[in-house]
Amino acid sequence: VEKPPDNVVAVAGTDVTFIAKVDSTNLTRKPTMKWLKGKWLDLGSKAGKHLQFKETYDRNTKVCVKERHRYFFYAGGYRCEVTSKDKCDSSTFEISVEGDDAGEDEGDLDFSALLKKKPEKVEPEIDVWELLKNAHPSEYEKIAFEYGITDLRGMLKRLKKMKDRKKKKLESCYSVEKGKKITLRCEVVDPNVQVKWLKNGQEIKPSAKYIMEASGNVRTLTINKATLADDAAYECVVGEDKCFTEVFVKEPPVTITKLMDDYHVVVGERVEFEIEVSEEGAHVMWFFEDQEIHKDKDSKYRFKKDGKKHTLIIQEATLDDIGMYHAWTNGGHTKGELEVEEKELEVLQDIADLTVRATDQAMFKCEVSDDKVTGKWYKDGVEVLPSERIKMTHIGRFHRLVIDNVKPEDAGDYTFVPDGYALSLSAKLNFLAWIILSPLFSFITEIKIDYVPRQEPPKIHLDTTGNMVSQNTIIVVAGNKLRLDVEITGEPAPTVVWSKGDNVRAPKNSCNTEGRVRVESRKDLSCFVIEGAERDDEGNYSITVANPAGEDKAVLFLKIVDVPDPPENIKCTGVGEDCASIIWDPPKFDGGAPVKGYLMERKKKGSSRWTKLNFDVYESTTYEAKRMIEGVLYEMRVFAVNSIGMSQPSLSSKPFMPIAPTSEPTRLTVHDVTDSTCSLKWLAPEKIGAGGLDGYVIEYCKEGDTEWVVANQELCERQGFVVRGLPVGEKINFRVVAVNIAGRSPPAIMSQPVTIREIVEHPKIRLPRDLRTKYIRKVGEKINLTIPFQGKPRPVANWFKDGKPLDEKMVNVRNSNVDSILFIRSAEREHSGTYELVLKIENMEDRASINIRIVDKPGPPLNVKATDVWGFNAALEWDPPKDDGNCDISGYTIQKADMKTKEWFTVYEHNRRTNCTVSDLVMGNEYMFRIYSENLCGLSEEPRLELKSKPYKEKDMCCSPKFTQPLMDRSVVAGYSTAISCAVKGFPKPKIVWMKNKMIIGEDPKYLMQNNQGVLTLNIRKPSTFDGGKYSCMAVNELGKDEVECTLDVRVPQPLQELLWYLWETTTV
């Protein structure tokens, strides 16, 4: 920002200050600054002990100021250097020292200048201890001498005591993202010292957000879930000593997910500009044009927040609110246009003509679109005032004029005029009179008052004013009401006939108002009425009147005019960064009146709100729409306007997007040059925009020419291109242009022309590191080796295998300018060998060799045999396989299987020897063994070896049944369960039969029989006296049988026995 002056002339013995200011806005931390003399002498070391440095840092502006004060100077070159990570900047300046009124012969020491009396300066008081505390130890003696401190030892003790209060200070500043945690760390010498933490001068109390910890000499302050309120200055206080730091809370960028729509309203309507942002609670700033909108009590603006939705509300829009409104976040921007126009009053119900009788009530009623509009009533141009008989009411949108007791003087034209609008509604009041024929009659007859002149021929009197634009021509706007009053004279009253072509309309009674097109007859008048004129009503109309005295006829031409049809073929012909050109065709039908011009509207695609682009009629059929947002899709529609009104809107145009060309490509450089080609490279434009980037156009021309030649017929999508067919030795200028849908960008031009000449470079093969050793692949795998090389002109690459030219039928080779590719689709064993690549340029060459080995599964082991069998073991031996698969055998896998189950189990894996001992065999079983040889590709095919053990004779275990434990006599108490048991042996397993008193016990649930490994048990559940007797057990097999028996005595207690005898005797009797 501010550098020291380049050349400084100083007077010996005077003080001079140098100031350097550094802008660190784009840096996260304060930069490091140094003062150097010459190339390497750091003035911040002992060499600069005669200097004073002062450094300040402004947090708001992020400007770092470094001051250097000198008491005496040495002439020479000096440099101020500032560094921050990988960024560096410096400023150099020269110092020249001159004597004060001293001659050149006085040498380096000018005592006369030193002896001169200098005016005394009034210096401010300086705290010596603060100066000493911040000074380098090499300056202590100088400062003590300057301020008269003689006890240097005491000074050092006091300084040590002051510095020991705090050993390591806080960093100058900290940076943390919003919502994250940050820890401020400070180290003190005394582990028992207490510290205080301050935020903006206020002491911080421990809480869940602020956690203060002390661990030995380290004091920390942890701030959890940092918010924008934590962006402040912090202090750590130890006694009277303090250190400062600042915490910067970075708020993550908030993007706008829903853009603002344009609004077109009328005066007094409510406007709501609504957007959506990516995060809840985000800060959104609203602007009207260039002024920020603030929330004041008296402001007409209101702000609303609902989650991610933010809304700007204008309660009642006025013409002063017309303009562009902006919404800004820290990561996005959107804008919308507000257009306000005056209200147009719409007539919802017109006033109808009335025909009333005397003393009846007449009521005119109309309805307009605005319920707040007032108005006045007029009769024949004179304002109607309210009275007892005439009353005027206004309720909502309805306006009424009521006339009670109608009199003949009430007949006439009545008009309602709304206040503030150039609009009037008119209607007629026709009066019918009452006449009493005789007082003797008690009834009244209604008749028309007609004047009976003398007999004369009929005559038609056409009024050429009003709707008449020319002789007998009437123009009516489509949709309007036509009422043509034709005065007719003649006696007696003539007959009136209206006709359009051959279509005749007879006169109708004046009280009959049915039909859209009708004829009403009154005294001396014939009224032709069309309600809501249509285009089909246009044509020639004739009126014929006749009576006995004669006949008269008149012809009228009725012309219906309407709003024009909508314009057609709306399309966009060109776009810019914020504009677009629109054209259209005029409407096919102009409505019978010339088209005065057009009104245009646009909207964003997907929105339903149309915005007017012009309020004044635009006469041309070509329009340039401006003030659009780049990258947003728009649609247009057009209205045609004539003297009658505005047409319906046209069909919307196809969506189009305002876009602009990109900026010029950057860093255009020459990559390579040959005798006829030049290879160019560049980087993409810095600004691409919403239109994207379609490609590049490369152009060249000879030096001195102005005609540029296009080098590529199609757009180049890459950031590099080789221009071919250039003349040798010529100097050529090149330029590159980026192209997108909006057109061509400014060109990027080479600063100097390029001479087209070949550059010779020695051939060099850059063999990849993994190919410098043996390259091993399995049979059937794909081999694709890319060998890069360099050299100019293009080298000639040749491949050799084992010293012979490569057979291209077995191996595919493809060579390019920068590499050679060796490709084998499916590797075979014969592809193994040494491949050599020879690169030649004229008489220069380079070579590289690649050793390729194709490996396969090995063959099976040979001569597998069992050399010995003993106990539970068997010894096996075999010979290595004849085919090792072109690589070393890594081991063997031995498996065994029992001939009964024939299930294979692995005994050894990766056995490296050609013999092994198989253990844990079952004596008497017959086994099979198989052995696999194994290499890099896997296991070999399986051989098989059967090993039969010696015959084994089984022992005959058959015997007849024999009880080893007999049954024992038992005496039990009735009602208590009991069991009797014995033991038996025999093979085959004998059949067991239990009997009671020589009767076989069947499936009686009272008995439970069990057999557990020859131990036989009979369980008797709750026996009674009837269950006593002799029980026997018999065992039978094919070799014989055996039987044992016992006696079971069931005892009954005495009282129970007597009860049983009594019951028995009673039953017997």
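Me: What should I know about the model first?
Reply: This is a predicted model, where local features need pLDDT of at least 70, side-chain atom pairs count only at pLDDT 80 or more, and totals for chains, interfaces and linings use all residues. Residues are numbered from 1 along each chain as its sequence is written, and side-chain values use heavy atoms, with hydrogens and water left out.

Me: How many cavities of 30 Å³ or more does the search find?
Reply: The whole structure gives 3. A cavity here is a set of points on a 1 Å grid over the protein atoms alone where a 1.4 Å probe fits but cannot get out, and lining residues have an atom within 4 Å of a point. Grid points are joined across faces, edges and corners, and a volume is the space filled by probe spheres set on the points.

Me: How much space lies in the largest cavity?
Reply: About 50 Å³.

Me: And which residues line the largest cavity?
Reply: Ile474, Leu482, Leu484, Trp498, Phe528, Tyr541, Leu556, Phe557 and Leu558. Strand E38 (482–491) and strand E44 (550–561) are the elements that give two or more residues to this lining. E44 has the largest share, with 3 residues. Strands (E, at least two residues) are DSSP runs, numbered from the N terminus.

Me: How does that lining divide by class?
Reply: Into 9 nonpolar, no polar and no charged residues. Ala, Val, Leu, Ile, Met, Phe, Trp, Tyr, Cys and Pro count as nonpolar, Asp, Glu, Lys and Arg as charged, and the others, Gly among them, as polar.

Me: What about the second largest cavity, how much space lies there?
Reply: About 40 Å³. Its lining has 4 nonpolar, no polar and 6 charged residues. The lining residues are Asp262, Met324, Lys335, Glu337, Arg602, Lys604, Arg627, Met628, Ile629 and Tyr634. Strand E25 (332–341) and strand E47 (595–604) each give two or more residues to it.

Me: Let's stay with Tyr634. Is it buried or exposed?
Reply: Tyr634 is buried, at a relative accessible area of 1%. Buried means under 20%, exposed over 50%, and partly exposed in between, with a 1.4 Å probe and protein chains only. Tyr634 lies in strand E50 (residues 634–642).

Me: New topic. What is the order of the open sheet with 3 strands?
Reply: E10-E14-E13, with antiparallel pairing. Two strands pair if DSSP finds at least two bridges between them. Strand E10 (182–187) and strand E13 (210–215) are at the edges with a single partner strand each, so one side of each has no neighbour in the sheet.

Me: How many bridges join E10 and E14?
Reply: 6, with E14 covering residues 218–223. Leu184 has Leu221 in E14 as its bridge partner.

Me: Last one. Which strands pair with E32?
Reply: Strand E28 (residues 362–368) pairs with E32 (residues 398–403) in the antiparallel sense over 6 bridges. In that pairing, Met363 is partnered by Val402. Strand E31 (residues 390–395) also pairs with E32, antiparallel and over 6 bridges. Ile390 stands opposite Ile403.

Conventions
1 Å grid on protein atoms, 1.4 Å probe; cavity = no way out; pocket = protein on both sides within 12 Å on 5 of 7 lines; lining within 4 Å. Helix = DSSP H or I, 4+ residues; strand = E, 2+ residues; numbered from the N terminus.
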